[in-house]
Amino acid sequence: MNLGTLFSGPDMASILMPEWILILGITAMIIVPNLGNATFRLPIPNTSIRIPYLLGGKRFSFTGDPRLPSAIAAFTLFASFITALLSQMIDSGVGVAEACISMTGAVNECAISDNYILRVDPFSRMMEMIFTAALLIAVIANMDRLPATSHKRLQLEVQEDPVAENRRLAKLLNNRRQVDFSLLVLMVALGMSTVALSTNLFSLFVGLELASMASYVLVSFHKETKIGPEAGVKYFIVGSVAGAVGLYGISMLYIWNGDLSIYGTGGLAEKWASEGPNGMAIIGLAMMLVAFGFKVSAVPFHFAAPDAYAGASGPVAGVLSTASKAMGFVALMRVLFGVTLGDGGNEWTILIGAVAAITMTWGNIAALGSKNPKRMLAYSSIAHAGYILAGIAAIGALGPGAGSELIATAIIFHLAVLVTFKIGAFLVVSLLECEGRGHEISHFHGLARRDPMIAIPMMIFMLALAGVPPLSGFLSKLMMVSGIISSTVGDVSGATLSDAFGSLSWVFWLAILIFINSAISIFYYLRICVVMFFEETDRSPRMSRAPMIRIAIMLCTMGAVVLGFGVLADVLAIAASDAAAALFS
Amino acid sequence: MGEHSKPEWNLLVPVLAMVSFPFIRHLLGYNPIDSAFLIVAVPLAIFPVILIIGQQYKGEDWWKHQLKEGGIVALAGLAITLSLTIWLIIEFLVHHAHFGDQGAVFDWITFDNIASDNTLTESVLSFGIWVDSISLTVLFVAAFLCFLICWFAIGYMTTDPINEDRNHRFFAEFVLFSMGMFGMVLADSFLWLFIFWEIMGLCSYLLIGFYWEKPSAAAAAKKAFLTTRVGDVFLMVGLFMLYDLYHSLDFAVIFGDPTLGGTIHGEDLQWPIIMMFIGCVGKSAQFPLHVWLPDAMEGPTPVSALIHAATMVNAGLYLVARMFPIFSEASFEGALSDVAMLIAWIGGITAFMAALIAFVANDIKRVLAYSTMSQLAYIFTGLGAACWLANEGYQKYALFAFGAAMFHLFNHAMAKAMLFMSSGSVIHEMHHAHDHAHGDGDEGDHHHFDPQDMRNMGGLASKMPVTSTAMMLGSMSIIGIPLIGGFWSKEGIVGQAWNVYLKGGEMILFPAILVLATAGMTGFYMSRMWFMTFAGKPKSDVVEYVHEETQWIKTPLVTLSIVTAFSGFLLACGHFVYWLSDPASEKGSHFMTDFFKHPFEAILYELEHAFLPEDNTLKIVGWTAILLSAGLGPFIAARMHGGHLSEGERAVPLTSWLIRYSGSVGHTDVGELAEGGLATALHNRLYIDDAYEWIISKTLIPLSAISAWIDKNLVDGVIKRIECGSQWASTQIRQLTTGKASDYLLMAALGTLVVIAILWGVI
């Protein structure tokens, strides 16, 4: 079968294939683990004809296997990822690279005047791939963080010893929760994909909240720990308030325009360009920025983030710092670039620039003193949000054009490669969590001696986060900074030095600030490396086995290396630049 | 090691099997030039194999005894490179072809150049193979000697208990070093030449410091590395200048048209060549950067043979020889003759100085080290003369001088490698004999006995027949005894140095006199070494227990003895000298045809014409040199240090005549002279090392102290202050993260207000 036919028709089934697969997975997740030999007796007197209806009863050994939900989730996410990838890889002549779905459900080739609600283009596909890849890695790793024990082994383990019994109960509990976790992960994936596709603020918000709600639960999923639920609740409170503010902002925009579509006739962008915003629109935009600012954990809406990351288990924290954050940026870029930038409206540029400057500095400085590696990573992720915000501010200052596309490419590239090394770093922490540690930097002492196969990837992740060449983190930062600088200094050649500096856009200094912050950040990234390689530890060299986490770490390592200076760096950069072009079209 | 180790020839089977490698390549349809890159690639691939497997399995029986801790692997790899090299040479001889540039084997870096007219041109730094008669000569010397020295090292290194379980490191570094030399010789651009040059520098550091736990070895390694580094910096500057002129470092570009279409004049090239020459001075241990070489004798003896005979010291010569086409470019006539004179001067001074110091050295390896410096200096003088003649337009003589210099490189490398290995054999056996005589566990006495000191030897000729014969032949080659090895090449060099004087280069007079004098001095110090070691009565009781043992050590010595004894004659008759500079020349064929018709006259003719030009003045110079080196020098040495063996000891016939000679010329006591001021100065190496140390302690050390102070107080202070400030700020900032959701909400609310205010205010 030609895979291309899967995507050939401009119809709902083919162009939304990744989302359909997710929905299919969710359905399967609800049904399959419940399949059993349940029957019901035909209500005919004096007969005992029993007709099996399968839902409930004593479950089959296959469907009752506690490892099944993770497998379903992983398979679903993988399939979704692959379909999204294939739809981009296959020649545009065969598959549908771009299509739009209007409010009434009609599927069209995209016309800019159309008033549509979902849009499939390289940008949304790229984002879907980022989301599903991050979640896939998290699901794989979580198989060891929430280990499923087969029922047979559980039955064998009955013992009188109360400690062993407690452990058995914990395993039983883990088994019970397998479906919950996997289901929530798939929900997150569906919500995020919706955000990636949305070109209508309403559907965008629905997707955002679908993903957010599920992720609040994921944060507090390890409810037997003390900090998990607390962090989840805090994250939920602040997040729901931010969400409410955002929804309020959206409603104001609706009052202003009467339509929540971003593009097309009667859309927000058209009105913004033709009439200019009034006060209500401005307040609406500001409130939406607050909601999305919370998602990307920009200062001052970031406060719950370190708590949430520290409370959540490693894989979940990894998802929060990559996929969830990328979702916030998708929303931010859709609104800012889609709605306001069309006619060079860049009222928000100064604001975003200031937030970017504060965010990156704050994140890095706070990370300097953090003793908890997960909080350190959380602050580092705040700092990375600052870098990306600086890129967005630069785009705002430059207006649409080749330079903006270059910076957008860098942003997308950065979001993509973050999936490898950021999650990877959280997974290494997670491996330490498996032995009940990982919340102190001293727990990294001597890791290189205990297990070099973990310490070396961790070093690669740290160097990639710091942006050391030739790793992928360097490439994204280089693209960002060189994009900003080349766009701002492009027209000053021939001038004297003082003229050149005088005529520089203020955005230029954001690039300089990125440099300075990178320098600061190297301190705390390298500190991890130093303690891993040069400190002694009295722990036994045996680490937890945790094969799935190790596999996930290896995947991340390969990604961090291959996307940095391997062949795939080019491929990814081209895909990101396609996506950036689609964002501005 | 057991007293009588069983023969281990069976271990050589895999090595010999490797010799079939070229045949297999040939059957697969490759020609030798396509396989040339394997000469570099095979050792490069073997290096990590030995290192990793050795680290993993050291101490295991199969690794230790079957593979000799990696030695067999290294030897097999070097067998491949040697057979490939010979294949290449056969092909070269058959086709009489100038292979030249063979195109890139792989592209390394591609980048854009911005030209002055703001256009982009693409440049590629690629690695390619360049084969001509010069590179083939040096390549053969390196490959052949690396192979034999590796063979020798298996016997030398693996039987010494100090080296237990770390020989894999030695062999791995050995192979990497060989790779560096092969790569440098085959590289087709100065860039890759430089890269391999530096690989050799690194390996020489590692190998000289192989006994890193000995402070003197560690210091020697550091000294060698830093001293050559001084030269390398200049070399790099020279390469930059060259690149600036040609916009390329490829041989094809530079030697294809040294004028670059008439845009480059000879004067432009003076400084680049001088800079590069300083690099060669460092690498080949010439004055004033020679100080590292004697100290480098701290390394194991195979390393001395490898670095100071076969490979690294030849690298500098090779680079100078590479630049010969620039000197012979017609349009540069006269512009570069000063540079050539500089080369000759450095050569002359070093030759004389090193020979002088060698007079008083008592350490057998140090004598050889100084002799190496001196002989390399000969070659530099020859190259300088060749460059001068070429630059002044005397192409015929220039080619002869150039050929003589390269010929001397060949002869010297062969002889000196053998001498080093022989000295290694002596040291090895002295060491074992000492252990045997005084008991293995006698650690306290161990330190007082120096197995390298010739004052402990004497009368070894009967104990070590193979070694003494080898050393005799090697010394004769170095001295330049007629018909043996270095005779032809040395006479050629001396003759051509004087020829420069006759052709109007008055400046050469000083180095020319020096090399002439050195010829006689060489005769003295080499004979002195031999007589002190092998002739006379034993000077210590250890000598009683000396005997030659393992075939690993003997075989290379025998091989090289034969090569040294006959190759000089054969190659000289085969007009090697002319072939080198002009491979297409047909002169080589005369001898063979004449030889069959009237052999005696043919040999006589060749003897006369192989090394001497048809000029009476030069003939006088040549005969003077012969007389000095073959007659006077050895005679004095024999009087001072020679003597009959002890009663009942009998040397083999090959060496016994020399013993008899030395015993019959009488004896002169030189005790007084050895106490004199000159001798003290020579023992202290003419105070050059001390002068360097004084200069460094007066200039560099205070400067670095100041820098250290600035770094510690100013730079670190600022950094520390920044760090403290950041940590403080970090603490303050993180206090805002209170952990209370209400506080977070308050912050978010404030933030919202600020966001609205900013957006509102901007509009």
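In the predicted model, chain A and chain B touch each other: 24 residues of chain B are in contact with 29 residues of chain A. On the side of chain B that touches chain A, two elements give two or more residues each, namely helix H32 (700–735) and helix H33 (741–762) of chain B. Of the elements on this side, H33(B) gives the most, with 14 residues. By residue class, the side of chain B that touches chain A consists of 15 nonpolar, 8 polar and 1 charged.

Most peptide bonds are trans, and most residues other than glycine have a negative phi. In chain A, the peptide bond that runs from Val299(A) to Pro300(A) is cis, and its omega is near 5°. Pro300(A) is found in the loop between helix H10 (279–295) and helix H11 (304–311) of chain A. In chain B, Phe287(B) and Pro288(B) are joined by a cis peptide bond with an omega of about 5°. The loop that holds Pro288(B) runs between helix H11 (266–283) and helix H12 (292–295) of chain B.

That loop between H11 and H12 of chain B also contains Ala285(B). Although Ala285(B) is a residue other than glycine, its phi is positive, near 55°. Ala285(B) counts as buried because it has 30 C-beta neighbours inside 10 Å, the cut-off for a buried residue being 20 or more. A positive phi, about 40°, is also found at Ala546(A), which is not a glycine. Ala546(A) lies in the loop between helix H20 (507–534) and helix H21 (547–565) of chain A. With 22 other C-beta atoms within 10 Å, Ala546(A) is therefore buried.

Helix H2 of chain A covers residues 17–31, 15 residues in total. From its first C-alpha to its last, H2(A) reaches 21 Å, close to the 21 Å expected at 1.5 Å a residue. The buried residues of H2(A) are Met17(A), Pro18(A), Glu19(A), Ile21(A), Leu22(A), Gly25(A) and Met29(A). In an α-helix there are 3.6 residues a turn, so residues three or four places apart point the same way.

Key. Residues numbered from 1 in each chain as written. Chains lettered and ligands numbered in written order. Predicted model: local features only at pLDDT ≥ 70, side-chain atom pairs only at ≥ 80, totals over all residues. Contact = placed C-beta atoms within 7 Å. Helix = DSSP H or I, 4+ residues; strand = E, 2+ residues; numbered from the N terminus. Nonpolar A, V, L, I, M, F, W, Y, C, P; charged D, E, K, R; others polar. Buried ≥ 20, exposed ≤ 12 C-beta atoms within 10 Å, placed from the backbone. Expected span 1.5 Å × (residues − 1).
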